[in-house]
Amino acid sequence: METNSCDVPVNAGFPIPPRVSRKIKPEATIVNVAGVTIGGSDIVIIAGPCAVESQDQLFETARAVAAGGAGILRGGAFKPRSSPYNFQGMGEEGLRLLGLISKETGLPLVTEVMDTRQVELVAGYADMLQIGSRNMQNFPLLKEAGLCKKPILLKRGMMATIEEFLLAAEYILNQGNDQVILCERGIRTFETSTRNTLDLSAVPMLKRLSHLPVIIDPSHGTGLRWMVPAMTKAAVAVGADGIIMEVHCNPEEALCDGHQSLNLPEFEQLIKELKKIALAVDRNIS
Ligand code: PEP
Ligand code: MN
(Lines give C-alpha, C1' and ligand atoms only; values in the text may rest on other atoms or scores of the structure.)
(Ligands and ions follow the chains in the order given, each with its own letter.)
Protein backbone atom coordinates (compact mmCIF):
# COMPACT_ATOMS: atom_id res chain seq x y z
CA MET A 1 0.00 0.00 0.00
CA GLU A 2 1.51 3.31 -1.03
CA THR A 3 1.33 6.22 1.37
CA ASN A 4 1.70 9.93 1.07
CA SER A 5 4.13 10.40 3.94
CA CYS A 6 7.19 12.48 3.24
CA ASP A 7 9.51 9.52 3.75
CA VAL A 8 7.86 6.95 1.53
CA PRO A 9 7.96 7.06 -2.26
CA VAL A 10 4.62 7.54 -3.94
CA ASN A 11 3.64 6.54 -7.44
CA ALA A 12 5.93 8.41 -9.81
CA GLY A 13 3.65 7.93 -12.79
CA PHE A 14 6.03 5.32 -14.18
CA PRO A 15 7.44 2.06 -12.85
CA ILE A 16 10.51 2.82 -10.75
CA PRO A 17 13.34 0.56 -11.94
CA PRO A 18 13.88 -2.02 -9.17
CA ARG A 19 17.58 -1.72 -8.40
CA VAL A 20 17.55 2.07 -8.01
CA SER A 21 14.20 2.10 -6.23
CA ARG A 22 13.79 3.28 -2.66
CA LYS A 23 10.76 1.05 -2.38
CA ILE A 24 13.01 -1.98 -2.69
CA LYS A 25 15.91 -0.49 -0.70
CA PRO A 26 14.65 2.17 1.74
CA GLU A 27 18.03 3.06 3.26
CA ALA A 28 20.24 5.58 1.48
CA THR A 29 23.17 4.26 -0.52
CA ILE A 30 26.45 5.75 0.62
CA VAL A 31 28.95 6.05 -2.21
CA ASN A 32 32.57 5.78 -1.14
CA VAL A 33 35.00 7.63 -3.38
CA ALA A 34 38.44 6.61 -2.11
CA GLY A 35 37.40 7.34 1.47
CA VAL A 36 35.14 10.34 0.81
CA THR A 37 31.52 9.34 1.35
CA ILE A 38 28.54 10.86 -0.46
CA GLY A 39 24.94 10.25 0.52
CA GLY A 40 25.27 10.59 4.29
CA SER A 41 24.93 13.70 6.41
CA ASP A 42 27.95 15.47 4.93
CA ILE A 43 27.67 17.52 1.75
CA VAL A 44 30.61 16.93 -0.56
CA ILE A 45 32.07 19.63 -2.77
CA ILE A 46 33.57 18.42 -6.04
CA ALA A 47 35.55 21.21 -7.69
CA GLY A 48 38.14 21.82 -10.36
CA PRO A 49 38.47 22.99 -13.93
CA CYS A 50 36.18 21.96 -16.76
CA ALA A 51 39.23 20.66 -18.61
CA VAL A 52 42.86 20.03 -17.83
CA GLU A 53 44.70 22.59 -19.97
CA SER A 54 48.23 22.54 -18.59
CA GLN A 55 50.14 21.46 -15.53
CA ASP A 56 50.27 25.02 -14.17
CA GLN A 57 46.55 25.64 -14.67
CA LEU A 58 45.52 22.32 -13.12
CA PHE A 59 47.91 22.35 -10.19
CA GLU A 60 47.17 25.95 -9.18
CA THR A 61 43.42 25.33 -9.35
CA ALA A 62 43.55 21.97 -7.58
CA ARG A 63 45.70 23.28 -4.70
CA ALA A 64 43.30 26.19 -4.22
CA VAL A 65 40.13 24.09 -4.19
CA ALA A 66 41.79 21.65 -1.77
CA ALA A 67 42.67 24.53 0.56
CA GLY A 68 39.21 26.06 0.09
CA GLY A 69 37.24 23.01 1.21
CA ALA A 70 36.69 20.72 -1.77
CA GLY A 71 36.44 17.01 -0.95
CA ILE A 72 36.95 15.67 -4.47
CA LEU A 73 38.82 17.04 -7.50
CA ARG A 74 37.17 17.25 -10.93
CA GLY A 75 38.80 17.88 -14.31
CA GLY A 76 38.26 16.57 -17.82
CA ALA A 77 40.99 14.94 -19.89
CA PHE A 78 38.59 13.68 -22.57
CA LYS A 79 36.11 16.44 -23.37
CA PRO A 80 32.79 16.06 -25.21
CA ARG A 81 32.75 19.29 -27.25
CA SER A 82 29.91 20.35 -29.52
CA SER A 83 32.39 21.44 -32.18
CA PRO A 84 35.12 19.11 -33.44
CA TYR A 85 37.29 22.23 -33.91
CA ASN A 86 37.27 23.11 -30.20
CA PHE A 87 39.84 21.91 -27.64
CA GLN A 88 39.16 18.20 -27.11
CA GLY A 89 41.15 17.76 -23.89
CA MET A 90 44.69 16.59 -23.17
CA GLY A 91 43.81 12.90 -23.19
CA GLU A 92 46.10 10.51 -21.35
CA GLU A 93 48.61 13.25 -20.48
CA GLY A 94 45.72 15.05 -18.76
CA LEU A 95 44.94 11.91 -16.78
CA ARG A 96 48.57 11.64 -15.72
CA LEU A 97 48.56 15.25 -14.43
CA LEU A 98 45.25 14.65 -12.64
CA GLY A 99 46.73 11.56 -11.00
CA LEU A 100 49.76 13.51 -9.78
CA ILE A 101 47.83 16.40 -8.26
CA SER A 102 45.21 14.11 -6.79
CA LYS A 103 47.98 12.35 -4.90
CA GLU A 104 49.63 15.59 -3.81
CA THR A 105 46.43 17.23 -2.53
CA GLY A 106 44.91 14.02 -1.19
CA LEU A 107 41.70 14.75 -3.11
CA PRO A 108 40.10 11.76 -4.84
CA LEU A 109 39.63 12.31 -8.56
CA VAL A 110 36.57 12.24 -10.81
CA THR A 111 37.02 12.53 -14.56
CA GLU A 112 34.90 11.82 -17.60
CA VAL A 113 34.92 8.69 -19.70
CA MET A 114 33.29 9.03 -23.13
CA ASP A 115 33.84 5.67 -24.75
CA THR A 116 33.80 2.01 -23.73
CA ARG A 117 37.35 1.73 -25.06
CA GLN A 118 38.52 4.31 -22.50
CA VAL A 119 37.01 2.76 -19.38
CA GLU A 120 40.04 0.72 -18.37
CA LEU A 121 42.47 3.58 -19.03
CA VAL A 122 40.42 6.19 -17.16
CA ALA A 123 39.71 3.80 -14.27
CA GLY A 124 43.47 3.40 -13.91
CA TYR A 125 43.72 7.05 -12.83
CA ALA A 126 40.28 8.05 -11.53
CA ASP A 127 38.63 7.26 -8.20
CA MET A 128 35.23 7.83 -9.80
CA LEU A 129 34.22 7.81 -13.48
CA GLN A 130 31.96 10.53 -14.84
CA ILE A 131 29.46 9.67 -17.54
CA GLY A 132 28.46 12.98 -19.07
CA SER A 133 25.10 14.34 -20.09
CA ARG A 134 25.63 13.52 -23.75
CA ASN A 135 26.35 9.89 -22.91
CA MET A 136 23.59 9.25 -20.39
CA GLN A 137 21.93 6.92 -22.86
CA ASN A 138 25.12 5.40 -24.27
CA PHE A 139 24.00 1.96 -23.16
CA PRO A 140 27.21 0.06 -23.97
CA LEU A 141 29.14 2.66 -21.92
CA LEU A 142 26.69 2.34 -19.01
CA LYS A 143 27.13 -1.43 -19.06
CA GLU A 144 30.91 -1.23 -19.23
CA ALA A 145 30.95 1.28 -16.37
CA GLY A 146 28.75 -1.07 -14.41
CA LEU A 147 31.34 -3.80 -14.75
CA CYS A 148 34.10 -1.58 -13.45
CA LYS A 149 34.78 -1.50 -9.74
CA LYS A 150 34.91 2.30 -9.46
CA PRO A 151 32.00 4.57 -8.40
CA ILE A 152 30.14 6.26 -11.26
CA LEU A 153 28.98 9.88 -11.43
CA LEU A 154 26.07 9.80 -13.86
CA LYS A 155 24.92 13.14 -15.24
CA ARG A 156 21.36 13.65 -16.38
CA GLY A 157 20.95 13.88 -20.12
CA MET A 158 20.07 17.41 -21.13
CA MET A 159 16.81 16.15 -22.60
CA ALA A 160 16.19 13.20 -20.32
CA THR A 161 13.16 12.73 -18.12
CA ILE A 162 13.54 11.55 -14.53
CA GLU A 163 12.34 8.12 -15.68
CA GLU A 164 15.01 7.92 -18.39
CA PHE A 165 17.64 9.11 -15.90
CA LEU A 166 16.72 6.39 -13.41
CA LEU A 167 16.66 3.77 -16.17
CA ALA A 168 20.17 4.82 -17.20
CA ALA A 169 21.35 4.37 -13.59
CA GLU A 170 19.59 1.00 -13.53
CA TYR A 171 21.83 -0.17 -16.40
CA ILE A 172 24.87 0.42 -14.17
CA LEU A 173 23.41 -1.22 -11.08
CA ASN A 174 22.27 -4.13 -13.21
CA GLN A 175 25.92 -4.98 -13.85
CA GLY A 176 26.62 -5.27 -10.14
CA ASN A 177 27.88 -1.75 -9.42
CA ASP A 178 25.63 0.08 -6.94
CA GLN A 179 28.13 2.92 -6.35
CA VAL A 180 26.28 5.45 -8.49
CA ILE A 181 25.75 9.16 -7.88
CA LEU A 182 23.01 10.98 -9.80
CA CYS A 183 23.84 14.51 -10.99
CA GLU A 184 21.28 17.07 -12.13
CA ARG A 185 23.12 19.46 -14.47
CA GLY A 186 20.34 21.40 -16.14
CA ILE A 187 17.94 20.48 -18.89
CA ARG A 188 16.99 22.12 -22.18
CA THR A 189 13.86 24.20 -22.06
CA PHE A 190 12.52 27.13 -24.10
CA GLU A 191 14.54 29.49 -21.88
CA THR A 192 17.55 31.13 -23.49
CA SER A 193 18.81 33.49 -20.76
CA THR A 194 20.60 30.58 -19.07
CA ARG A 195 22.62 27.83 -20.78
CA ASN A 196 20.31 25.20 -19.29
CA THR A 197 17.43 25.24 -16.83
CA LEU A 198 18.69 23.82 -13.56
CA ASP A 199 15.94 21.49 -12.40
CA LEU A 200 16.29 21.74 -8.64
CA SER A 201 13.02 19.86 -8.22
CA ALA A 202 14.91 16.82 -9.50
CA VAL A 203 16.67 16.62 -6.12
CA PRO A 204 13.68 15.89 -3.87
CA MET A 205 12.09 13.83 -6.66
CA LEU A 206 15.13 11.61 -7.20
CA LYS A 207 15.75 11.24 -3.48
CA ARG A 208 12.16 10.22 -2.97
CA LEU A 209 12.18 7.64 -5.75
CA SER A 210 15.71 6.33 -5.33
CA HIS A 211 18.22 5.49 -2.60
CA LEU A 212 21.12 6.84 -4.67
CA PRO A 213 22.88 10.11 -3.69
CA VAL A 214 21.95 13.18 -5.72
CA ILE A 215 24.24 16.10 -6.49
CA ILE A 216 23.87 19.36 -8.43
CA ASP A 217 26.07 20.93 -11.09
CA PRO A 218 25.31 24.67 -10.95
CA SER A 219 28.01 25.46 -13.53
CA HIS A 220 26.51 23.64 -16.51
CA GLY A 221 23.08 24.14 -14.96
CA THR A 222 23.25 27.90 -15.50
CA GLY A 223 26.26 28.61 -17.72
CA LEU A 224 26.69 31.85 -15.76
CA ARG A 225 29.47 32.37 -13.24
CA TRP A 226 27.57 35.07 -11.33
CA MET A 227 24.59 32.77 -10.83
CA VAL A 228 26.56 29.78 -9.54
CA PRO A 229 26.67 30.89 -5.86
CA ALA A 230 22.91 31.44 -5.66
CA MET A 231 22.06 28.09 -7.26
CA THR A 232 24.65 26.28 -5.17
CA LYS A 233 23.05 27.60 -1.99
CA ALA A 234 19.62 26.66 -3.27
CA ALA A 235 20.89 23.15 -4.07
CA VAL A 236 22.08 22.65 -0.50
CA ALA A 237 18.78 23.97 0.86
CA VAL A 238 16.79 21.60 -1.35
CA GLY A 239 18.65 18.54 -0.08
CA ALA A 240 21.49 17.83 -2.50
CA ASP A 241 24.18 15.48 -1.19
CA GLY A 242 26.90 17.35 -3.00
CA ILE A 243 27.84 19.95 -5.58
CA ILE A 244 30.09 19.59 -8.61
CA MET A 245 31.35 22.94 -9.81
CA GLU A 246 33.84 24.35 -12.24
CA VAL A 247 36.67 26.44 -10.81
CA HIS A 248 39.56 27.93 -12.79
CA CYS A 249 42.63 29.89 -11.71
CA ASN A 250 42.07 32.27 -14.64
CA PRO A 251 38.56 31.80 -16.09
CA GLU A 252 38.99 34.59 -18.67
CA GLU A 253 41.72 32.52 -20.36
CA ALA A 254 40.03 29.10 -20.02
CA LEU A 255 39.91 26.86 -23.09
CA CYS A 256 36.54 25.49 -22.03
CA ASP A 257 33.60 26.85 -19.99
CA GLY A 258 35.42 29.84 -18.50
CA HIS A 259 32.22 31.90 -18.46
CA GLN A 260 30.67 29.50 -15.95
CA SER A 261 33.79 28.82 -13.85
CA LEU A 262 34.36 30.49 -10.49
CA ASN A 263 37.76 32.04 -9.93
CA LEU A 264 39.72 31.02 -6.84
CA PRO A 265 38.60 33.80 -4.44
CA GLU A 266 34.98 33.32 -5.53
CA PHE A 267 35.23 29.61 -4.72
CA GLU A 268 36.70 30.25 -1.30
CA GLN A 269 34.03 32.81 -0.47
CA LEU A 270 31.19 30.57 -1.66
CA ILE A 271 32.28 27.65 0.52
CA LYS A 272 32.32 29.94 3.56
CA GLU A 273 28.75 31.08 2.82
CA LEU A 274 27.62 27.55 2.02
CA LYS A 275 28.62 26.26 5.44
CA LYS A 276 25.93 28.46 6.98
CA ILE A 277 23.24 27.10 4.65
CA ALA A 278 24.38 23.55 5.39
CA LEU A 279 24.12 24.13 9.14
CA ALA A 280 20.61 25.49 8.69
CA VAL A 281 19.53 22.18 7.14
CA ASP A 282 21.44 20.10 9.72
CA ARG A 283 24.26 19.11 7.44
CA ASN A 284 27.99 19.70 7.21
CA ILE A 285 30.26 20.62 4.36
CA SER A 286 32.95 17.96 4.65
C1 PEP B 1 31.55 18.51 -17.61
O2 PEP B 1 31.30 18.16 -16.45
O3 PEP B 1 32.57 19.14 -17.91
C4 PEP B 1 30.56 18.24 -18.65
C5 PEP B 1 30.90 18.17 -19.93
O6 PEP B 1 29.33 18.11 -18.16
P7 PEP B 1 27.94 17.70 -18.89
O8 PEP B 1 28.14 16.30 -19.37
O9 PEP B 1 26.95 17.83 -17.79
O10 PEP B 1 27.72 18.68 -20.01
MN1 MN C 1 32.38 22.06 -18.55
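Partly exposed means a relative accessible area between the buried range, under 20%, and the exposed range, over 50%. The model in these views is predicted.

View 1. D217 is 64 residues away from V281 along the chain.

**View 2. The surroundings of ligand 1.** The ligand is surrounded by 13 residues. The closest are R74, K79, S133, R134 and R185. By class, the shell holds 7 charged, 4 polar and 2 nonpolar residues. The space that ligand 1 takes is the largest pocket.

View 3. How much of ligand 1 does the protein bury? Taken alone, the ligand exposes 300 Å², and the protein buries 97% of that.

**View 4. Residue N177 between α5 and β8.** N177 sits in the loop that joins helix α5, residues 162–173, to strand β8, residues 180–184. Is N177 buried or exposed? Its relative accessible area is 5%, so N177 is buried. The side chain of N177 has polar contacts with two backbone oxygens, those of A145 and C148. For A145, the distance to a polar atom of the N177 side chain is 3.5 Å. For C148, the distance is 3.1 Å.

**View 5. Residue T194 between β8 and α6.** T194 belongs to the loop between β8 and α6, a helix that spans residues 202–209. With a relative accessible area of 13%, T194 is under the 20% limit and therefore buried.

**View 6. Residue I72 in strand β4.** Strand β4 covers residues 72–74, and I72 is part of it. The relative accessible area of I72 is 0%, so this residue is buried. R156 is 84 residues from I72 along the chain. The C-alpha atoms of I72 and R156 are separated by 20 Å.

**View 7. Positive phi at A34.** A34 is a residue other than glycine, yet its phi is positive, near 45°. The loop that holds A34 runs between β1, residues 31–33, and β2, residues 36–38. Is A34 buried or exposed? Its relative accessible area is 51%, which is over the 50% limit, so A34 is exposed.

**View 8. Positive phi at D257.** Phi of D257 is near 60°, again a positive value in a residue other than glycine. D257 lies in the loop between strand β10, residues 242–246, and helix α9, residues 264–280. The relative accessible area of D257 is 10%, so D257 is buried.

Terms used:
Residues numbered from 1 in each chain as written. Chains lettered and ligands numbered in written order. Predicted model: local features only at pLDDT ≥ 70, side-chain atom pairs only at ≥ 80, totals over all residues. Heavy atoms only, no water. Near = heavy atom within 4 Å. Areas by Shrake-Rupley, 256 points an atom, 1.4 Å probe, with all protein chains shown as cover. 1 Å grid on protein atoms, 1.4 Å probe; cavity = no way out; pocket = protein on both sides within 12 Å on 5 of 7 lines; lining within 4 Å. Sits in = over half its atoms within 2 Å of the grid points. Nonpolar A, V, L, I, M, F, W, Y, C, P; charged D, E, K, R; others polar. Helix = DSSP H or I, 4+ residues; strand = E, 2+ residues; numbered from the N terminus. Buried < 20%, exposed > 50% of the residue type's maximum accessible area, 1.4 Å probe, protein only. Polar contact = N/O pair within 3.5 Å; in protein donor to acceptor, adjacent residues only side chain to side chain.
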